[in-house]
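Thank you all for coming. Please look at the protein on the screen with me for a few minutes, and I will go through it piece by piece.

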Amino acid sequence: MTGMSTPTASGEGSKQRYLRRLMNYLSAEGLAKSYGVNQLFRGLSFGIEKGQKVALVARNGAGKSSLMRILTGQETPDEGIVVFNREVRLGYLSQDNNLNPSKSILDQVFSSDNAMTRAIRNYEEAVMKGADTGPAHDEMDRHGAWSYEAKARQILGSLDIHDLDRITGELSGGQQRRIALARVLIEEPDLVLLDEPTNHLDLDMIEWLEEYLGRSGMTLFMVTHDRYFLENITDEILELENGLLYRYKGNFSYYLEKKAEREALEASTREKELNLYKRELEWARKMPRARTTKSKSRMDSFSELRQRVSRRPEEEELELEINIQRMGSKVVEFHKVKKAFGTHPILDGFDYVFKTGERVGLVGRNGSGKTTFLNLLTRAEQPDGGKVVVGDTVVFGYFSQSGIPLKEGQRLLESVREVADFIPLSRGKTITAAQMLERFMFPKHMHFNYVEKLSGGERKRLQLLHVLMKNPNFLILDEPTNDLDVFTLAALEEYLLQYPGCLLIVSHDRYFLDKLVDHLFVLEGGQVRDILGSYVDFRDLLKAGKREAPEKSKPPKPKAAEKQGRLSFKEKFELEQLEKEIPALEEKKKNLEFQLTASASDHETLMRASDELGLLVAELDEKSLRWLELSEKST
C-alpha cells in the first residue's frame, strides 16, 4: 500500500483537486492475482469515496480473501497498485482477529498509542484496582477523553465484553472476535475494512452492529454473507465473477434485480455469438487453401469469436439431490429434561415431542446453551434430570461448527470415499464419489488436492457433503452459513425447502432462518419459549415492547393448575400497567444510548446520562422480570 493521492484531471483547480483527494479514500488500479495456473482476477479497478458503504460479493474461491489481503497490504498483487489517501485513518477487522494472547482486554481495546487512549487506560486500571482515581480523572479532563470513554463503554457493553482485566488468551474464539470488532469500532477510523463482521456474534449483537454502522459516518468496505446486512447497510455492491468486477449502485435487492438483467442480456448476446460462430465455422471449413488478405482478416476475427464463445459463464451451482432414510412415527421426545452448568441453567424441565417434517430454529444469546441443547438431542451429553428418547429409525446428520476432522495429506476424493464409493439418490439412482464432488462445486481438477489446502467455504461444502452422504432424516445445522457465499447459501436454501425430514437450525443468519423455519425455540435462562413464525416477526414484536409472541398450542393444563394460575384483580391491573411502561422505558433507553454515541464534549452531561442509563436498565430488567412472572401465572 502507498500513501499517494489519486491522480486528477489536469483542468481542475487546486481547490477542486484538494477536495477530490479528501473525498477519495482508496483507489485500486489494474489489480491482478494468480496462484500457479489459476488466475483469480486481472485488471480490477475501483475506488471508495468518503461516506460510501461498499460490499464485495463473490463465490467461494473467486478471490474475495485475496483481494482483501491485497488491500490491507498482506499480499502483493501480480500487477496493479492500491493507493490510500494519506490523511485517512484505516481500520481492519480480519477473520484471524490478530490479537496478542498475553494482553488484557483493556490493553487490546485501547491499543492505539495516543494521549486519549492512554488516559482512558490509566483511568480504567485505577477503577479496576480500587486505587485513587484523582490523577487519572484529571488526565481524562485534560485530553477530553470522557465522551470517548462513554462511547467505548457503550460499544463494549453491546458486544457483551466485560471484565476488562481478563487475559485475551483465556477467552474463546468468539469472545476474541468480539474484542477485535470492538477495538476497530472504538478507534473510529475513517475507512473500515471488515471481513465477515457478523461471524461469532449472536442475533442481538448483529442487530446492534447493523444499526450502529448504519447511522455512523464511517466509510465501509466489507465482505459478508449476511444478506439482511447487505440489504440494510450497503449503498454499493461489487461482484467479482469470472475474474471481472461488476459494480451495482444500490443495496442487495437492487443488486439481485440488476444482476438478473445483466445475465439475461449476456445470455442473449452469447446466443447471438454462438449462431455467428456456427456460420463462421462453416465458412472456415469451406475456405480454399489459398488465403487472400480478406480471408486472413476474417480468420483472425473467427479466432477472437471462438475465444469469446469458449469462455463458459460462471454457472457452477450446488446440486443437492440425496435420498433420506425412512422415518417412523416416533422421532425425538424430551421428557422433563433438566441440564445446568454450575448455577447456570440450560433446560429446566423441558417437555417436547418432535414431529416428522418439523422445521425449528434454535436461538438465544451466546452462552445460553444452544450447543448443549444439540448435544442432548443427539445424546452426546446426558441430562441432569428427565430423559431424551430417540426413535429407532432416526438418523441424525449433524453439521457442526467445529467441522470435519481433516487428515493431513489426505486428498479430496479419498476423504469422500471414506464415507462411500457410491451414493444413493432419489428414485433409486446412484452416483460415484467423484460425481458427488462435482455436484458440490468441486471440479475434477480439484479431486486430488489436499484437504488442508481448502478455503473456509470449501471446507464447509465438504462437511455438508459428508453429512448428507449418510442420508440423514433429522438434519441439524449449527451455524452452517459461516464462510459460505451468498450463491451457495441460496442453493442450500432451495434444497432445504424441499427436504422432507426434520430440520433444526442454529444460525445468526436472519435471512436463512426466516426462509426455512416454521417456529423458534428461544433459550432464556433455562426456559424454552416456543414461538410461531419467523425470526424477524419475533424481533418486531420485541421491539414493539411485546415480550410475548403467539405460542404453539399446548395440551390443556389440569384444573388445579388452571386455578393456581389465575391472577387477582390487582395483579391483572399491574400486568396491564407493565405492558404500557416497558415500551416507554425501552424507548427512553434507546434515546439515552443515542446521546452517549453522539460524541458530546461535555463530559459531566455524559456521565449523568451514563448513570441514568444504568438506573434505567436496572428498572427495565426488574419490570420485565415481574411482567414475565405475571404472564406465566396468567397462562
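This is a predicted model: local features need pLDDT of at least 70, side-chain atom pairs count only at pLDDT 80 or more; totals for chains, interfaces and linings use all residues.

Phe512 is a clear case, because at 0% relative accessibility it counts as buried.

Residues are numbered from 1 along each chain as its sequence is written, and side-chain values use heavy atoms, with hydrogens and water left out.

Now the overall picture. The protein has 21 helices and 20 strands, where helices (H or I, at least four residues) and strands (E, at least two) are DSSP runs numbered from the N terminus. Of its 635 residues, 47% are buried. The protein exposes about 32200 Å², and carbon and sulfur atoms supply 49% of that area; such accessible areas come from the Shrake-Rupley method with a 1.4 Å probe, and for residues only the protein chains shown count as cover. A contact means heavy atoms within 4.5 Å, and among the contacts with a separation of 6 or more, 68% are between residues 24 or more positions apart.

Let me return to Phe512, which has its place in helix H17, residues 510-516. Leaving aside neighbours within four places in sequence, Phe512 is in contact with a list of residues including Arg227, Leu477, Leu489 and Ile505. Thr481 is also on that list, and although Phe512 and Thr481 are 31 residues apart in sequence, they are 8.1 Å apart in space, C-alpha to C-alpha.

What about the nonpolar cores? A nonpolar core is a set of buried Ala, Val, Leu, Ile, Met, Phe, Trp, Tyr and Cys residues joined through side-chain atoms within 4.5 Å. The largest one has 52 residues, and those with the most contacts inside it are Leu159, Leu185, Ile186 and Leu213. Helix H7, residues 173-187, gives the most to this core, with 7 residues. Apart from it lies another core, of 44 residues, and among them are Leu203, Ala433, Leu464 and Leu489.

Next, the way helices pack. Two packed helices are described by the angle between their axes and the distance between the axes. Here, axes are lines fitted to C-alpha atoms, for helices over the stretch in contact, and angles run from 0 to 180 degrees between N-to-C directions. How do helix H8 and helix H18 cross? The axes of H8, residues 203-215, and H18, residues 535-543, come within 13 Å and cross at roughly 70 degrees. That makes H8 roughly perpendicular to H18, since angles under 35 degrees count as roughly parallel, over 145 as roughly antiparallel, 65 to 115 as roughly perpendicular and the rest as oblique. In this pair, Leu203, Asp204 and Glu207 of H8 meet Tyr535, Arg539 and Lys543 of H18. By class, that contact has 2 nonpolar, no polar and 4 charged residues, where Ala, Val, Leu, Ile, Met, Phe, Trp, Tyr, Cys and Pro count as nonpolar, Asp, Glu, Lys and Arg as charged, and the others, Gly among them, as polar.

Helix H8 also has a partner in helix H6, residues 146-158, and the axes of these two come within 10 Å and cross at roughly 145 degrees. Lys151, Gln154, Ile155 and Ser158 in H6 meet Met205, Trp208, Tyr212 and Arg215 in H8, and the residues of this contact divide into 4 nonpolar, 2 polar and 2 charged.

Finally, a few individual places. Ile237 sits in strand E8, residues 236-241, and is buried, with a relative accessible area of 0%. The C-alpha atoms of Ile237 and Val54 are separated by 5.6 Å, although the two are 183 residues apart along the chain. Glu124, found in helix H4, residues 115-129, counts as buried at 4% relative accessibility. Helix H12, residues 370-377, is mostly covered, with 7 of its 8 residues buried, and just after H12, Arg379 takes a positive phi of about 65 degrees.

Key
Buried means under 20% relative accessible area, exposed over 50%, partly exposed in between (1.4 Å probe, protein chains only).
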